[in-house]
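Here's a quick briefing to read alongside the model. Have the sequence and the 3D view open as you go.

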Amino acid sequence: MAAISSSMISVGSAVSCHVQAGKISKSRPSSLSIDVPTVTKSFSGLKAGSAVRCDSESSFLGKENNAALRDSFITRSAKSVKSYTRQFQPQASTFKVAILGAAGGIGQPLALLVKMSPLISDLHLYDIANVKGVAADLSHCNTPSKVFDFTGVSELPNALQGVDLVVIPAGVPRKPGMTRDDLFNINANIVKTLVEAVADNCPNAFIHIISNPVNSTVPIAAEILKQKGVYDPKKLFGVTTLDVVRANTFVAKKKNLKLIDVDVPVIGGHAGITILPILSKTRPAVTFSDEETVELTKRIQNAGTEVVEAKAGAGSATLSMAYAAARFVESSLRALDGDSDVYECSFVQSQLTDLPFFASRIKLGVKGVEAIISADLQGLTGYEEKALEDLKVELKASIEKGVSFAQKKAEPVTSSSS
Ligand SMILES: NC(=O)c1ccc[n+]([C@@H]2O[C@H](COP(=O)([O-])OP(=O)(O)OC[C@H]3O[C@@H](n4cnc5c(N)ncnc54)[C@H](O)[C@@H]3O)[C@@H](O)[C@H]2O)c1
């Protein structure tokens, strides 16, 4: 019964494929087979249904372009054996996921969305307060994963035992007038403490950092993991999916495109001008006037502030962030589960530029980052070239701020300072 439920809560498939009741195959009780007579392309992002088969060109998350994207960087000869008909069949419910900061504005809707994944066996919800009720509430949803609650630092090690993927949305959100860097001092300490616990209890887990400023908190996490001797750069991710989600939404609206078809790579970092949507690489191919490019780029860069101001003191983006983070979790779990066709943008250790961390499209695999995709940085427009050079200055400073915070914390206390 649980397996049937899991496929029925297949929001991704249901929305993306415009499933009508009559089109759901009844021949395979635990699978949702959608009969759309189009050439099958790959499927990425949040999709529930452990045995979902979706013969559609697109998913509701808009990452339907994997096949086309893959085509853009595989060799010509390899292209002749196109694998559009390949079907990925995820295994059922095997992964343990922990959300740290699960009672918060992002944590709660994220936990709900993640609870819908059929790939998860155990969902660990950790927070310093108020997490018991969230877990009790969520545990009534008849989806496969079991929900466990953990409150306070004494329960943190247990929250992380045996976990495959840790998501960290713990921290303070931005208030009007604050920049992401204003959050630095509070959130840097929170991320440091939590990542230390991850290093001690589940050093092989994928780590998704949501807490801002991501441009600094990811380098902090890397330093902490290095200090603990367990740093694997392939498994540490700054979550920038929301920038892609926003870019896709805004571009689709502006250009009157079918939303689920649009895919805009977003590179750089995750704050202000460091967020650089590469509009010239939008799929499907579409042209923008100079004015449209400037307007869209600025809107995508300032979309977080749009929400902060609209919420007028009640926090920053939570629902769209949860949606974006859930997509990134699902993509990571699919990669861990053996899907060899998963691409997302993320802020990771990188050699694409002269900066040690950089957001770009990456290919996800069982061991984490399998490849960093350089194609989006080639053949940039003059506007994008300049924006890339400009963002590097700010991004470099934010990365260095994170590194020096973590290194300073690691310095032994000297007698003169005691
Ligand atoms: N990466 C992104 O795209 C993005 C987008 C929006 C917000 N954010 C960031 O996500 C973070 C959370 O935002 P929110 O709106 O959910 O905030 P929130 O205040 O609603 O929730 C934060 C939660 O973290 C918990 N928390 C605080 N310290 C903790 C600790 N040491 N251990 C565990 N939990 C702890 C709090 O109890 C709270 O439940 C903020 O830093 C915000 O800036 C990131």
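This is a predicted model: local features need pLDDT of at least 70, side-chain atom pairs count only at pLDDT 80 or more; totals for chains, interfaces and linings use all residues.

Residues are numbered from 1 along each chain as its sequence is written. Helices (H or I, at least four residues) and strands (E, at least two) are DSSP runs, numbered from the N terminus.

**Around the ligand**
- The ligand is surrounded by 33 residues, and the closest are Gly 101, Gly 104, Gly 105, Ala 170 and Gly 171 (a residue counts if its C-beta atom, placed from the backbone, lies within 6 Å).
- Domain 2 (95-236 + 401-406) and domain 3 (241-397) both supply residues to this shell, so the ligand lies between them; the domain bounds come from an automatic or database domain assignment.
- Helix H8 (residues 184-201) gives the most to the shell, with four residues.
- Sorted by class, the shell has 18 nonpolar, 13 polar and two charged residues (Ala, Val, Leu, Ile, Met, Phe, Trp, Tyr, Cys and Pro count as nonpolar, Asp, Glu, Lys and Arg as charged, and the others, Gly among them, as polar).

**H8 against H9**
- The axes of H8 and helix H9 (residues 214-227) come within 9 Å and cross at roughly 35° (axes are lines fitted to C-alpha atoms, for helices over the stretch in contact, and angles run from 0 to 180 degrees between N-to-C directions).
- On the H8 side the contact includes Phe 184, Val 191 and Val 195, and on the H9 side Ile 220, Ile 224 and Leu 225 are among the partners (contact means C-beta atoms, placed from the backbone, within 7 Å).
- That contact splits into nine nonpolar, three polar and two charged residues.

**H10 against H13**
- Helix H10 (residues 241-255) and helix H13 (residues 319-336) have axes that come within 8 Å and cross at roughly 110°.
- H10 and H13 are therefore roughly perpendicular to each other (65 to 115 degrees counts as such).
- H10 brings Thr 241, Leu 242 and Val 245 to the contact, while H13's share includes Met 321, Tyr 323 and Phe 328.
- By class, this contact has seven nonpolar, two polar and one charged residues.

**Backbone details**
- The peptide bond from Asn 212 to Pro 213 is cis, with omega near -5°, and Pro 213 sits in the loop between strand E7 (206-209) and H9.
- Arg 283 to Pro 284 is also a cis peptide bond, with omega near -5°; Pro 284 is in the loop between strand E10 (275-277) and helix H11 (290-301).
- Asn 256, a residue other than glycine, has a positive phi near 55°, and its loop runs between H10 and strand E9 (266-268).

How values were computed:
Angles under 35 degrees count as roughly parallel, over 145 as roughly antiparallel, 65 to 115 as roughly perpendicular and the rest as oblique. Two residues are in contact if their C-beta atoms, placed from the backbone, lie within 7 Å.
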